[in-house]
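Work through the exercises below with the model open. Each task is followed by its solution.

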Amino acid sequence: MHQQQFACLECDALIQLSSIAEGEVASCPRCHHKVIDKKHDSINRTLAVSASGLLLFIPAAFAPLMSMKLLSVESSASVYSGVIALWGNELFFVATLVFLFCLFAPLIKLVSAFLVCLGYKFNSHQQAWYKQLLVFYHHVDSWEMLEVFLIGILVSIIKLKDMADLSYNIGLLCFAAFMLCVLSLKLTLDKQMLWDKLNHGH
Amino acid sequence: MDTNVEAIITAKEKGLAQCPVCHLLVEIDNAKDNYCPRCDSKVYLRINDSIQRCWAWTICSLIAFIPANAFPIMTILYFGKGQPDTILSGIVLLLKFGMYPIAAIVFIASFVVPLAKIVGLFFLLYSLKNTSKLSKHQRTKMYRYIEIFGRWSMLDVFVVALLVALVEIGAVVEIVAGPGATAFGVMVILTIFAANSFDPRLLWDRETSNSMEQER
């Protein structure tokens, strides 16, 4: 009924949209906010990106990011061990936050993006779980903070580099690649297109 | 793409509202709660009590900002002894060692960003009720930046997590996290809630209800 109409999310202007081709972007005439961003080959690209992200999750979360050697004692840290160490310091709230922002939210995002695209491929997008998953994805979307964590790694490296011998481990590479996969979901997944393919009616 | 630029009608004037989740335009019946027929999310013309809620969250964040900076976030212990560091004293320490770029990054991410976010939201809330020197475009842009950069204030918390995990070498050196980290985490979450409860469409609402005040 209202397929041709769209309201800007930032200024509520009603916009009449004719068909938009893949790769084109529509902006609000009043506040210039991006209203629709049609993405190229969204499903296949999202599948590729989320599958590689899922493969990288285990090494990114559990493999040591870097290790430190001081007086011939060596210790290393991973994202997971950071959470555990905070928990051990009795900072339960902070440990939970780091867990949610850096492990749980990105993983859940990848899993739901993967399942949504798979569901789309196998034509199961009229099923209830598919809709639930899209709603769920919308809610976890903005809670992932991997890029902040990466800069956090950089800051801690610089803070420690005068104090001890630091070496970088394979986990750092995996973490950076994992972060890129999660970030590129923003570029590949076209939520609007997926929603518009859903029938609705009362 | 063809859009009608001349006469802008808002969805609200037509009795329509966009579903916040799936972006379907839904007709609003003011007498009852409205739900999106496509994704079953609750749909509303404007975020309910947006201004009040945003004031409340922002004031809470301002209050939480104080312990976040007053309490130590971590202590470096050499042979069991050490002085606790707050965020600001940590930055001073970095400056002392001549690490200026990293000191600037930490200062911006964990002090300037949250403060600017709080002050910015206060400004936006104030500007809704009073006239403002900034145009609606500038204020919308400001809100967009507040939303985007808010997450960066988690930086210091992540650094603490890594340092605590990494530096645990027997009795020689140990880094212990302090209560400031919790206060800081609380503050960041509060500012995120504050930014989310602000409805940018309110910035534009007055323009249509009061055409005397057209800008541009």
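**Exercise 1.** Find how closely the axes of α5(B) and α6(B) approach, and at what angle they cross.

Solution. Helices here are DSSP runs of H or I with at least four residues, numbered from the N terminus. Axes are lines fitted to C-alpha atoms over the stretch in contact, with angles from 0 to 180 degrees between N-to-C directions. The two axes come within 9 Å and cross at roughly 145°. Next, list the contacts (C-beta atoms, placed from the backbone, within 7 Å): B:D156, B:V157 and B:V160 of α5(B) meet B:A181, B:F184 and B:G185 of α6(B). Sorted by class, these are 4 nonpolar, 1 polar and 1 charged; Ala, Val, Leu, Ile, Met, Phe, Trp, Tyr, Cys and Pro count as nonpolar, Asp, Glu, Lys and Arg as charged, and the others, Gly among them, as polar.

The model is predicted: local features need pLDDT of at least 70, side-chain atom pairs need 80 or more, and totals for chains, interfaces and linings use all residues. Residues are numbered from 1 along each chain as its sequence is written, while chains are lettered from A and ligands numbered from 1 in the order written.

**Exercise 2.** State how many residues each chain gives to the contact between chains A and B.

Solution. Chain A gives 55 and chain B gives 55. On the side of chain A, α5(A) gives the most, with 8 residues.

Key: Helices (H or I, at least four residues) and strands (E, at least two) are DSSP runs, numbered from the N terminus. Two residues are in contact if their C-beta atoms, placed from the backbone, lie within 7 Å.
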